[in-house]
Amino acid sequence: MKRTLLSLLIVSSVVLAAADSTKFLGPTGDGHHPQVNSIGKQLWTKTLGVGYSNVSVVGDKLYTAGFDGTQGVIYCLNATTGKELWTYKYPTKEGKYKGTRSTPMIADGKLYFTSRISDTYCLDATTGKKIWSVSSKKVRVKEPTFGSASSALIYNGLCIVNLGRAVAFDAKTGKVKWYSRTEYTKAYNTPRTLTIGGNTMLVITTYEGIVTIDPKTGKTLDLFKWTPPRIGTTITVPVAIGKDQIFISTAYNTGCAMLKVSPEGNMTQVWKNMNLNNHMANSMLFAKEGYLVGFHGNTNAKTPLVAMDVKTGKVLWKRENVGSGNLIKCGTNLLVIGYTGKVELLKTTREGCNVLQSLR
């Protein structure tokens with residue numbers, strides 16, 4: 001799917017909903033934003049080159065990235081007008097499935113970003129001036145087949161990224177604090193934290209399976225084997241369900257599963273089926289109502305949107321031919337960006353969904 005401009009359709013109510021959305025998957029790291037009852041009106045569009053980066057918004061500043069044909073570019077724009085405030089250009093390559101992968105992370109006045117060739121950058125978020133950078137060679141990792149796609153996680157003074165092995169940098173200086181001793185292949189997703197029984201752990205997905213890691217040391221706690229066939233891998237971030245469970249989902253005819261996680265990081269399967277196979281976009285959780293909504297199957301123009309009960313894995317309803325794009329949970333509503341760029345605001349329930357507004 002070709003991505004040539006920042007066309008999350010920058011619209012008024014969506015910008016407001018994304019205010020102080022400092023990282024990939026929004027303020028809470030699960031794609032959830034404040035209530036939106038109307039898409040609003042289109043404010044602006046801007047050509048940024050090729051890329052798959054999302055956006056982060058802090059105050060009146062919007063951050064994203066693109067590839068201009070010769071180098072990577074990190075952009076800081078005025079969120080209301082689209083005016084360019086600064087850019088930072090860095091060396092990279094076009095690569096297979098061209099363009100950028102990760103989303104800028106903003107914390108303590110700094111911007112953290114990982115390039116497709118697995119180099120990590122820290123910039124001043126106000127000026128765009130580089131504070132530090134670390135090459136992939138220093139942490140002994142290689143660019144994955146489709147380019148490194150991990151956005152940064154800031155936790156307890158660390159900048160943690162998934163570069164095929166989890167790597168933790170000192171967020172202020174870039175000094176390598178630890179990296180996981182086992183290198184997992186085809187690792188494209190962003191690490192997340194999970195706290196169970198008072199213990200906080202990292203969770204990442206890899207080609208080999210779902211991995212829990214001690215964030216203090218980088219030690220692997222457990223590996224739940226979950227390997228897609230052929231070139232496939234798990235791209236989406238595990239969804240936290242209740243106090244001690246995570247939902248995992250993979251395309252390539254792999255399926256989905258609910259895992260129970262112990263305070264020590266050990267994982268056991270609760271259920272598994274083929275009913276909701278996420279490719280690139282995460283499913284959105286409606287926790288009080290007890291269901292998930294996500295794209296089912298590999299990315300294409302006919303991919304359906306599916307709602308699933310979290311306790312049983314049973315399909316509640318299906319909306320055909322939406323086409324894979326992106327999902328944002330906006331309070332009680334769901335913003336759906338389809339394969340062709342059509343934007344819909346849906347009111348979803350366990351029984352079905354209604355279109356509140358649409359925009360092309």
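Which side chains meet in a salt bridge at 2.9 Å, N to O, with Lys 93 as one partner? The side chain of Lys 93 meets that of Glu 143.

## Basis of the model

The model is predicted: local features need pLDDT of at least 70, side-chain atom pairs count only at pLDDT 80 or more, and totals for chains, interfaces and linings use all residues. Residues are numbered from 1 along each chain as its sequence is written, and side-chain values use heavy atoms, with hydrogens and water left out.

## Salt bridges around Lys 93

A salt bridge is defined here as a side-chain nitrogen of Lys or Arg within 4 Å of a carboxyl oxygen of Asp or Glu. By this rule, the count comes to 8 salt bridges. One of them joins Lys 93 to Glu 143. This pair links distant parts of the chain, 50 residues apart: Lys 93 is in the loop between β7 (84-90) and β8 (105-107), and Glu 143 is in the loop between β11 (130-134) and β12 (153-155). Strands (E, at least two residues) are DSSP runs, numbered from the N terminus.

Burial is classified by relative accessible area, with buried under 20%, exposed over 50% and partly exposed in between (1.4 Å probe, protein chains only). Lys 93 is partly exposed at 44%, and Glu 143 is partly exposed at 22%. Together with Arg 116, Lys 93 and Glu 143 are linked in a network of salt bridges.

## Salt bridges of Glu 344

Glu 344 meets Arg 319 in a salt bridge of 2.9 Å, N to O. Because Glu 344 lies in strand β30 (residues 343-348) and Arg 319 in strand β27 (residues 315-319), the pair ties together parts that are 25 residues apart in sequence. Glu 344 counts as buried, with a relative accessibility of 7%, whereas Arg 319 counts as partly exposed at 25%.

The side chain of Glu 344 also meets that of Lys 342 in a salt bridge, at 3.6 Å, N to O. Lys 342 is partly exposed, with a relative accessible area of 28%.

## The sheet β16 to β19

Strands of a sheet pair through backbone hydrogen bonds, either parallel or antiparallel. In this model, 4 strands form an open sheet in the order β16-β17-β18-β19, with antiparallel pairing. Two strands count as paired if DSSP finds at least two bridges between them. The edge strands, β16 (192-196) and β19 (220-225), each pair on one side only.

Strand β18 (residues 209-213) is joined to β19 by 5 bridges, and the two run antiparallel. Ile 213 stands opposite Thr 220 in β19.
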